[in-house]
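This report describes a protein structure for a reader who is new to the subject. Please keep the sequence and the structure in view while reading.

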Amino acid sequence: MKDNGWEFIESISSFCNNKREWIIVREEETDYSYGKIPSERSLEERFDLGIINLDKPPGPTSHEVVAWIKRMFGLKKAGHGGTLEEIV
């Protein structure tokens, strides 16, 4: 794995407060003709190709937040894949 790929995984792991050690079964090379590491994408590419995790505050519905994001960034398409709430 390219160094920056591993750094990306560690940054996500740190962000998620993951304390477990990663177990590497085998090293593999990534074929970058299929894309690039998310941290190397421009903001425009992230909006076009990626998934953005958003910590929605309590109160507004997920549909309302999606509408705000679309309006704020002038996006034609946006959606949500679910909501994880403590109460649910």
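## Surface and burial

The accessible surface of the protein amounts to about 8,300 Å². Carbon and sulfur atoms account for 56% of this surface. Of the 88 residues in the protein, 8% are buried.

Part of the surface is a nonpolar patch formed by Trp 68, Met 72 and Phe 73. Together these residues have about 340 Å² of accessible area. Trp 68 belongs to helix α3, which covers residues 62-73. The relative accessible area of Trp 68 is 38%, so this residue is classed as partly exposed, because that class lies between the limits of 20% and 50%.

## Confidence in the model

The model is predicted, and its confidence is therefore expressed as pLDDT, on a scale from 0 to 100. The mean pLDDT of the protein is 81, and 89% of the residues reach 70 or more. Among the elements, helix α3 has the highest mean pLDDT, at 89, whereas helix α1 has the lowest, at 78.

## Overall architecture

Which kinds of element does the protein have, helices or strands? The protein has three helices and zero strands. Read from the N terminus, the order of the elements is α-α-α.

Contacts can also be sorted by how far apart the two residues lie in the sequence. Among contacts between residues at least 6 apart in sequence, 39% join residues at least 24 apart.

Ser 13 is located in helix α1, which spans residues 3-15. Is Ser 13 buried or exposed? Its relative accessible area is 9%, so Ser 13 is buried, because the limit for a buried residue is under 20%.

Which residues does Ser 13 touch when those up to four places away in sequence are not counted? Ser 13 touches Asn 18 and Trp 22.

Asn 17 is placed in the loop between α1 and α2, and helix α2 itself covers residues 43-49. The backbone of Asn 17 deserves attention. Most residues other than glycine have a negative phi. Asn 17 is not a glycine, yet its phi is positive, at about 60 degrees. With a relative accessibility of 52%, Asn 17 counts as exposed.

Lys 19 lies in the loop between α1 and α2 as well. Its relative accessibility is 71%, so Lys 19 is also classed as exposed. The side chains of Lys 19 and Asn 17 are joined by a polar contact of 2.9 Å.

## Salt bridges

How many salt bridges does the count come to? The count comes to two salt bridges. One of them links the side chains of Glu 28 and Arg 26, with an N to O distance of 2.8 Å. Arg 26 counts as exposed, at 60% relative accessibility, while Glu 28 is partly exposed, with a relative accessible area of 46%. The classes differ because the limit for an exposed residue is over 50%.

In the other salt bridge, the side chains of Lys 36 and Glu 45 meet at 3.3 Å, N to O. Lys 36 has a relative accessibility of 37% and counts as partly exposed. Glu 45 is likewise partly exposed, at 26% relative accessibility.

Note on methods. Residues are numbered from 1 along each chain as its sequence is written. This is a predicted model: local features need pLDDT of at least 70, side-chain atom pairs count only at pLDDT 80 or more; totals for chains, interfaces and linings use all residues. Side-chain values use heavy atoms; hydrogens and water are left out. Helices (H or I, at least four residues) and strands (E, at least two) are DSSP runs, numbered from the N terminus. Buried means under 20% relative accessible area, exposed over 50%, partly exposed in between (1.4 Å probe, protein chains only). Contact means heavy atoms within 4.5 Å. Patches are made of residues with over 30% relative accessible area and no salt bridge: like charges are joined within 9 Å, nonpolar side chains (Val, Leu, Ile, Met, Phe, Trp, Tyr) within 5 Å. Accessible areas come from the Shrake-Rupley method with a 1.4 Å probe; for residues, only the protein chains shown count as cover. A salt bridge is a side-chain nitrogen of Lys or Arg within 4 Å of a carboxyl oxygen of Asp or Glu. pLDDT is the predictor's confidence in each residue, from 0 to 100. A polar contact is a pair of N or O atoms within 3.5 Å; within protein, one must be able to donate a hydrogen and the other to accept it, and residues adjacent in sequence count only if both atoms are side-chain atoms.
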